Amino acid sequence: MRTTRLWRRVLGVEQTVIESVDLQTDARGQESLLARVRVKAGAARRCSRCQRRCPGYDTGPDPRRWRGLDLGTTQVFLQATTSRVSCSEHGVVVAAVPWARPGSRFTTAFEDTAAWLVCHATLSVVAMLLRVAWRSVADIVTRVVAERAARTDRLGGLRRIGIDEISYRKGQRYLLVIVDHDTGRLVWAGKNRNAATLNRFFDDLGGERAGQLTHVSADGAQWIHDVVAARAPAAVVCLDAFHVVAWATEALDQVRRAMVNRLRANGHHDEATALKGSRWALLKNRPNLTGDQRTTLAGIAKANGGLYRAYLLKEQLRAIFQAAELADARPLLGGWIAWASRCRLEPFVKLAKTIKKHQALILNAVEHGLSNARSEATNTHLRLLTRRAYGYHSPEALIAMADLTRGGLCPPLPGRS
Ligand SMILES: [Zn+2]
């Protein structure tokens, strides 16, 4: 095997001439491998946007470097002179290179590996393993997603969708996200939670495909219901179970916080601290409780009737969504509203009014079995994504990250067939 062919294989590049390979040492004594390369004649002078062959325009004054996948523990860089071409459609643009995406300082193999890792490991692991800054990972994800999204139609064949919003920047900004209930995949995301954004989704979907939607779930926001009624009039509208349970969880937490404050105000500091520590026992779903948390709950049942009542109200509401039959759910929900209305716990009295208003939409969700675990898992994942303190520099970066990890756009690892 000739040495250049061997290097081409090792560096994972095609349509490339390897001119030389050297070890070099940087100012900090770090060794890296530098391969000087050029594009093979057959692949040279192509527009980086349309890949068409074009007349050359000029050549960059300085060679440029791209980071490649490490060889063992040694960092690898490709170095080449860049040139520009004059495309009849795109004007003067940088010429395509076969080893990297346009505008990137990493090879395609490096970027695909990084994107795959982002889908399968925590970002701190990715950054440490690949020795890249978080900002670079975000840029890589944006490029990989743009390329892969252009090749797939993610809005084809949709029948049952969930419309949801997720907040980022500490709840100051919002994304509107559309999840496919049948696959659990994120299929669309846009900036801002408002009717204009939702209308943009329906514009992308098109009238024919909107007509094929059978079910749309959402939270209680009226503007969502108005847009859906106008753009997908045939779809049954439901209220997502996890929104309703989240409302009850919030009401329960309000009751608990009020009691902690009252105990503290009356000088019962030990009881206040104990109650503060009970948060997870109260908020967790009952089957997931640990032994200690069960003991905490039993203690609350004995000593703190109001709080325990709030806990039972939350659990009861959750149970309604587990009813298999509409005939069972209807009286359960009616009974819950009656109980909550006169429970003398202000947050639940308020919640009872909200639930009453949305009764029909809640029963729709039970009737059509739309309490879907897969789409809920996607929503939980998206919330985790935004809660981490990565400082997304743009909503586009956050959308790309969501598309990559939950939109089915994860690339395969390079070199595996
Ligand atoms: Zn072009």
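Helix H8 has 25 residues and spans 36 Å from its first C-alpha to its last, close to the 36 Å expected at 1.5 Å a residue; the expected span is 1.5 Å times one less than the number of residues. Helices (H or I, at least four residues) and strands (E, at least two) are DSSP runs numbered from the N terminus. The model is predicted: local features need pLDDT of at least 70, side-chain atom pairs count only at pLDDT 80 or more, and totals for chains, interfaces and linings use all residues. Residues are numbered from 1 along each chain as its sequence is written, and side-chain values use heavy atoms, with hydrogens and water left out.

**Helix H8 and His 243**

- His 243 lies in helix H8, which covers residues 241–265.
- His 243 counts as buried because its relative accessibility is 9%; buried means under 20% relative accessible area, exposed over 50%, and partly exposed in between (1.4 Å probe, protein chains only).
- Residues up to four places away in sequence aside, His 243 touches Asp 164, Ala 218 and Asp 219, where contact means heavy atoms within 4.5 Å.

**Strand E10 and Val 236**

- Val 236 is in strand E10, residues 236–239.
- At 25% relative accessibility, Val 236 is partly exposed.
- Val 236 is in contact with Thr 214, His 215, Val 216, Asn 364 and His 368, leaving aside neighbours within four places in sequence.
- The C-alpha atoms of Val 236 and Leu 361 are 8.9 Å apart, although 125 residues separate the two along the chain.

**Zinc site**

- The zinc ion is coordinated at 2.1 to 2.3 Å by the SG atoms of Cys 47, Cys 50 and Cys 87 and by ND1 of His 90.
- Donors are N, O and S atoms within 2.8 Å of the metal (3.2 Å for Na, K and Ca); water is not among the atoms, so sites may look incomplete.
- The site of the zinc ion is tetrahedral, with angles of 103 to 114 degrees among its four donor atoms.
- Four donors count as tetrahedral if all angles lie between 85 and 135 degrees.
- The donor residues follow the spacing C-x2-C-x36-C-x2-H in sequence.
- Cys 50, in the loop between strand E2 (31–39) and strand E3 (56–71), and Cys 87, in strand E4 (residues 74–87), link distant parts of the chain, 37 residues apart.
- Cys 50 is partly exposed at 24% relative accessibility, whereas Cys 87 is buried at 4%.

- A search of the whole structure finds zero disulfides, a disulfide being a pair of cysteine sulfur atoms within 2.5 Å.
- The sulfur of Cys 119 has its closest cysteine sulfur in Cys 410, but at 3.2 Å this is too far for a bond.
- Cys 119 is partly exposed, at 25% relative accessible area.

**Aromatic pairs**

- Five aromatic pairs are found in the whole structure.
- Phe 201 and Phe 202 form an edge-to-face pair, 5.1 Å centre to centre with 65 degrees between the planes.
- Rings of Phe, Tyr and Trp (its six-membered ring) pair if their centres lie within 6.5 Å; planes under 30 degrees apart count as stacked, over 60 as edge-to-face and the rest as tilted.
- Phe 201 is buried at 0% relative accessible area, and Phe 202 is buried at 1%.
- Trp 188, Phe 201 and Phe 202 form one aromatic cluster.

How values were computed. Tetrahedral: all angles 85-135°; square planar, octahedral: opposite > 155°, others 65-115°.
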